[in-house]
Amino acid sequence: MCGGDACISSTRIPVWVLVNARNLGISEAQLLKDYPTISATDLTNAWVYATVHPEEIELAIRENEELDAEFDRWEAAGDEDEAQIEAMLEKKGA
């Protein structure tokens, strides 16, 4: 676990990030290139975890998308309130 999210063992890569990437059409081969610290077995374990805990994964993806949308709105509005941006990034786990 990292930041409350299930992560690949010995990494800080959340399972939901990999699932979301796969949902967007990124292949396993590309994921292994993009994340050289994980193995094919790690991906298999991530897919199994996501299958067993679909609500958790879907919620994490949805929350991240909402934070991204909020950040985009702030950026488009030119809102440079540093405290708000820091709070948003903290929520996102950056």
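Let's start with a ring. Arg22 lies over the face of Trp47, 3.8 Å from the ring centre. A charge counts as over a ring if NZ of Lys or CZ of Arg is within 6 Å of the ring centre and within 35 degrees of the ring normal.

A word on the source. This is a predicted model, where local features need pLDDT of at least 70, side-chain atom pairs count only at pLDDT 80 or more, and totals for chains, interfaces and linings use all residues. Residues are numbered from 1 along each chain as its sequence is written, and side-chain values use heavy atoms, with hydrogens and water left out.

Now helix H3, residues 40-52. Helices here are DSSP runs (H or I, at least four residues), numbered from the N terminus. H3 has 13 residues. From first C-alpha to last, H3 reaches 19 Å, close to the 18 Å expected at 1.5 Å a residue. That expected span is 1.5 Å times one less than the number of residues.

Which residues of H3 are buried? Asp42, Leu43, Ala46, Trp47 and Ala50. They cover an arc of only 140 degrees around the axis, so they sit on the same side of H3. The arc is taken from the directions from the helix axis to the C-beta atoms. Buried means under 20% relative accessible area, exposed over 50%, partly exposed in between (1.4 Å probe, protein chains only). On the other side of H3, Thr41, Thr51 and Val52 are exposed.

What covers the buried residues of H3? The cover includes helices H1 (15-23), H2 (28-34) and H4 (54-77).

Last, Asn20, in helix H1. Asn20 counts as buried because its relative accessibility is 17%.

Key: Helices (H or I, at least four residues) and strands (E, at least two) are DSSP runs, numbered from the N terminus. Contact means heavy atoms within 4.5 Å.
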